[in-house]
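Reader: I am new to this structure and would like to learn how to read its features one at a time. Could you take me through them, giving the general idea before the particular case?

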Amino acid sequence: MPRTRHPLLAAILWGGFVAGTLDIGAASLISGFGPLVILRYIAAGLLGKGALAGGTTEAALGLVLQWAMSLVIAAIFVLIVGRRVAATSRWPVWGVAYGVVVFAVMNYVVVPLSALSKIPHFTVFSFIANLAAMLLFGWIIAFFVRAKLSN
């Protein structure tokens, strides 16, 4: 990937948008619901259960919220360990480890504190599938950190 004038910002934007967008697809595959339903669920985290009966406006809000959260998650990683990750060949391990952290924070802090305020109840399949999606999420962020920040 070509170097940019603002590599930290590039790593955050690429990592956040790509990981966040693919996460919508992963949630859709895991749940069996279409992406618009997934986006309404995300909006329901802010608006409450009424968003689930909404339409494209709620789905659009869900997309904005998804991308905002993904950019914040990417920014935390980039700003705290980005340079260290970019300087090592073990960047995939860093990304997967961060995915575990993201999984725990999202499922046991963010979702319970949302307007839906539900504690996740996983089946073995849904636990493994959701954890795998977050491992991929972290890996994607680490990939862009390595691509944008390595010399």
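Reader: In which helix does Ala132 lie, and is Ala132 buried, partly exposed or exposed?

Author: Keep in mind throughout that this is a predicted model. Ala132 lies in helix H5, and with a relative accessibility of 41% Ala132 counts as partly exposed, because that class covers the values between under 20% for buried and over 50% for exposed.

Reader: How should I describe the way in which two helices pack?

Author: Two packed helices are described by the angle between their axes and by the distance between those axes. Here H4 and H5 pack at an angle of about 130° with their axes 7 Å apart, which makes H4 oblique to H5, and the crossing of H4 and H5 is right-handed.

Reader: At what angle do the axes of H1 and H5 cross, and what is the handedness of the crossing of H1 and H5?

Author: The axes of helix H1, residues 7-31, and of H5 come within 8 Å and cross at roughly 160°. H1 and H5 are therefore roughly antiparallel to each other, as angles over 145 degrees are given that description, and the crossing of H1 and H5 is right-handed.

Reader: Which residues make the nonpolar surface patch, and which helix gives the most to the patch?

Author: The patch covers about 820 Å² and is made by Val101, Val105, Tyr108, Val109, Val110, Leu113, Val124, Phe127 and Ile128. Helix H4, spanning 91-113, and helix H5, spanning 124-149, each supply at least two residues of the patch, and H4 gives the most, with 6 residues. One member to look at is Ile128, which is found in helix H5 and counts as exposed at 53% relative accessibility, because exposed means over 50%.

Note on methods. Residues numbered from 1 in each chain as written. Predicted model: local features only at pLDDT ≥ 70, side-chain atom pairs only at ≥ 80, totals over all residues. Heavy atoms only, no water. Patch = residues over 30% accessible without salt bridge, like charges linked within 9 Å, V, L, I, M, F, W, Y side chains within 5 Å. Areas by Shrake-Rupley, 256 points an atom, 1.4 Å probe, with all protein chains shown as cover. Salt bridge = Lys/Arg side-chain N within 4 Å of Asp/Glu carboxyl O. Helix = DSSP H or I, 4+ residues; strand = E, 2+ residues; numbered from the N terminus. Buried < 20%, exposed > 50% of the residue type's maximum accessible area, 1.4 Å probe, protein only. Axes fitted to C-alpha atoms, helices over the stretch in contact; angles between N-to-C directions. Parallel < 35°, antiparallel > 145°, perpendicular 65-115°, else oblique. Left-handed = near helix turned anticlockwise from the far one by under 90°.
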